[in-house]
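Reader: Hi! Could you walk me through this one? I'd like to start with the surface.
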Amino acid sequence: MPRMIYLLLLLVLPAIASAHGPSRQKVTREIQINAPAPEVWAAIADFCSIKTWHPAVVACEGPGGSEPGTTRILTIGDADGPKLHEELQKFDAEKMTLKYKIAKTDNSVLPVTTYSAFMTVTANEDGTSTLQWRGGFYRGYPNNNPPPELNDEAALTAVTGVYDAGLAGIKALVEN
């Protein structure tokens with residue numbers, strides 16, 4: 001009888017494993033900036049300031065500021081480009097950290113769903129600072145067998161690219 005159970009498990013487990021759907025993906029990127037932490041924080045603390053430091057963002061519509069619940073609509077690429085709708089969820093000036101989520105996106109721009117991210121500035125002992133951007137999300141296609149442009153790899157590549165470009169933009173803005 002135990003042999004029959006093992007055989008049954010060998011047949012059923014692969015089907016169960018492939019039926020669970022996508023898993024949550026995570027990206028963490030950071031950069032050291034040759035400026036004090038309060039200067040770096042000042043560059044990102046206003047929720048709509050992203051238009052001044054991210055090269056892909058050509059416009060930000062929204063009230064700006066730093067109150068949780070604040071929303072912004074980002075225009076990507078050019079004036080007629082696709083939009084990302086985001087909401088500020090948490091803001092802590094003392095800890096120099098903020099959390100936001102994407103409320104609505106165009107998967108051709110960012111192939112993700114259920115995305116949220118943190119940005120945190122940390123002071124280093126040498127007077128520089130470290131800016132960390134980390135996020136969690138699911139791929140753009142929530143079911144099994146996603147098309148290549150909406151799979152885990154596409155989501156990870158896209159988010160990593162967004163973070164790297166943004167961090168480089170903040171570094172250039174603050175250090176110049």
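Author: Happy to. This is a predicted model, and the accessible surface of the protein chain comes to about 9,800 Å².

Reader: What share of that belongs to carbon and sulfur atoms?

Author: Carbon and sulfur atoms account for 57% of the accessible surface. As for burial, 38% of the 176 residues in the protein chain count as buried.

Reader: Thanks! How many helices and strands are there?

Author: There are four helices and seven strands in the protein chain. Starting at the N terminus, the order of elements is α-β-α-α-β-β-β-β-β-β-α.

Reader: And what order do the strands take in the sheet?

Author: The seven strands form an open sheet in the order 1-7-6-5-4-3-2, and the pairing is antiparallel. On average, neighbouring strands are turned by 25° against each other, direction ignored.

Reader: Nice. How many bridges link strand 1 and strand 7?

Author: Nine bridges, in the antiparallel sense, with strand 7 covering residues 129-139. To pick out one of the partners, Gln32 is bridged to Thr130 in strand 7.

Reader: Now the helices. Which strands does helix 4 lie across?

Author: Helix 4 (residues 152-175) lies across strand 1, strand 6 and strand 7, and runs at about 20° to strand 1. Helix 2 lies across strand 1, strand 4 (83-92), strand 5 (97-104), strand 6 (112-123) and strand 7. The angle between helix 2 and strand 6 is about 150°.

Reader: What about contacts along the sequence, what fraction join residues at least 24 apart?

Author: That would be 51%, taken among contacts between residues at least 6 apart in sequence.

Reader: Switching topic: how many disulfides does a search of the whole structure find?

Author: The search finds one. Cys48 and Cys60 form the disulfide, and their sulfur atoms are 1.8 Å apart.

Reader: Is the disulfide left-handed or right-handed, and why?

Author: Left-handed, because the torsion about the S-S bond is about -85°.

Reader: Last one: are the two cysteines buried or exposed?

Author: Cys48 is buried, at a relative accessible area of 6%. Cys60 counts as buried as well, with 11% relative accessibility; the cut-off for buried is under 20%.

Methods:
Residues are numbered from 1 along each chain as its sequence is written. This is a predicted model: local features need pLDDT of at least 70, side-chain atom pairs count only at pLDDT 80 or more; totals for chains, interfaces and linings use all residues. Side-chain values use heavy atoms; hydrogens and water are left out. Helices (H or I, at least four residues) and strands (E, at least two) are DSSP runs, numbered from the N terminus. Buried means under 20% relative accessible area, exposed over 50%, partly exposed in between (1.4 Å probe, protein chains only). Contact means heavy atoms within 4.5 Å. Accessible areas come from the Shrake-Rupley method with a 1.4 Å probe; for residues, only the protein chains shown count as cover. A disulfide is a pair of cysteine sulfur atoms within 2.5 Å. Two strands pair if DSSP finds at least two bridges between them. Axes are lines fitted to C-alpha atoms, for helices over the stretch in contact, and angles run from 0 to 180 degrees between N-to-C directions.
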